[in-house]
Amino acid sequence: MTPLRIATLAVCIALLMPITVQAGSLEEDVSAAYAKWDATFNETDAESLASLYTEDTLFLPASHDIIKGPSGVEEFFAGLFANGVTGHKLELIEAINDGELVVSTAKWSAEGKDDAGAPAAFSGIATHVFKKQDDGSLRLKVHTFN
């Protein structure tokens with residue numbers, strides 16, 4: 001291969017690199033949001049966790065309650081933390097970008113105690129709708145899980 005062809009190939013690869021990075025950025029952004037959510041949850045700080053939600057958030061837990069706004073989210077998680085739930089982990093299943101909103105699904109797991117007080121593992125599936133913020137971060141607008 002001639003030096004000109006090598007240089008042309010290198011330029012073509014360099015031009016395609018941003019496309020490749022952008023193609024993976026949605027999963028990376030959601031995974032980063034999940035990592036931040038898990039870390040905040042595992043600090044058992046309900047107020048900080050609620051700050052990851054939009055002001056008009058809709059939170060639909062497995063209890064079938066309809067919770068609106070960060071203060072309701074904070075109250076819900078404060079109850080979980082008081083009952084010793086910790087070790088939360090979200091694993092991305094799929095994410096879809098729809099302009100201002102990102103919809104994602106995940107497997108979740110956590111540790112706690114059963115009704116008898118014995119150590120127990122919990123898990124399920126979650127659906128999230130994130131709203132993109134001006135700084136590029138994601139905040140939860142809708143969160144439901146079973």
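**Figure 1. A salt bridge joins Glu100 and Lys131.** The side chains of Glu100 and Lys131 meet in a salt bridge, with N and O 3.8 Å apart. Glu100 sits in the loop between β3 and β4, and Lys131 sits in strand β5, so the pair ties together parts that are 31 residues apart in sequence. This is a predicted model. Glu100 is partly exposed, at 48% relative accessibility. Lys131 is partly exposed too, at 28% relative accessibility. Side chains of opposite charge can pair when their charged atoms come close.

**Figure 2. A salt bridge joins Asp56 and Lys141.** The closest N and O atoms of Asp56 and Lys141 are 2.4 Å apart.

**Figure 3. The chain holds three helices and six strands.** Read from the N terminus, the elements run α-α-β-β-α-β-β-β-β. The chain has 146 residues, and 30% of them count as buried. Contacts also reach along the sequence. Among those between residues at least 6 apart, 48% join residues at least 24 apart.

**Figure 4. Ser104 is a buried residue of the chain.** Ser104 is found in strand β4. Its relative accessible area is 1%, which is under the 20% limit for a buried residue, so Ser104 counts as buried. The side chain of Ser104 makes a polar contact with the side chain of Tyr34, at 2.7 Å. Leaving out residues up to four places away in sequence, Ser104 touches Val30, Tyr34, Leu92, Glu94, Ala95, Ala126, Thr127, His128 and Phe130.

**Figure 5. The largest pocket has about 340 Å³ of space.** Its lining is made by 21 residues. Phe76, Leu80, Val85, Trp108 and Phe145 lie nearest the centre of this pocket. Six elements are listed as supplying at least two lining residues each: α1 (3-42), α3 (70-82), β3 (86-98), β4 (101-113), β5 (119-132) and β6 (138-145). Strand β4 gives the most, with four residues. By class, the lining has 14 nonpolar, six polar and one charged residues. Rolling a probe the size of a water molecule over the atoms shows where empty space is left.

**Figure 6. The second largest pocket has a volume of about 220 Å³.** Fifteen residues line this pocket. Nearest its centre lie Ala33, Lys36, Leu52, Ser137 and Leu138. Two or more lining residues come from each of α1, β5 and β6. Helix α1 supplies the largest share, six residues. By class, the lining of the second largest pocket has nine nonpolar, three polar and three charged residues.

**Figure 7. Thr44 has a positive phi without being a glycine.** The phi of Thr44 is about 50°. Thr44 lies in the loop between α1 and α2 (46-50). With a relative accessible area of 41%, Thr44 is partly exposed.

**Figure 8. His64 has a positive phi without being a glycine.** The phi of His64 is near 75°. His64 is placed in the loop between β1 and β2 (67-68). At 72% relative accessibility, which is over the 50% limit, His64 counts as exposed.

Notes
Residues numbered from 1 in each chain as written. Predicted model: local features only at pLDDT ≥ 70, side-chain atom pairs only at ≥ 80, totals over all residues. Heavy atoms only, no water. 1 Å grid on protein atoms, 1.4 Å probe; cavity = no way out; pocket = protein on both sides within 12 Å on 5 of 7 lines; lining within 4 Å. Points joined across faces, edges and corners; volume = space filled by probe spheres on them. Nonpolar A, V, L, I, M, F, W, Y, C, P; charged D, E, K, R; others polar. Salt bridge = Lys/Arg side-chain N within 4 Å of Asp/Glu carboxyl O. Buried < 20%, exposed > 50% of the residue type's maximum accessible area, 1.4 Å probe, protein only. Polar contact = N/O pair within 3.5 Å; in protein donor to acceptor, adjacent residues only side chain to side chain. Contact = heavy atoms within 4.5 Å.
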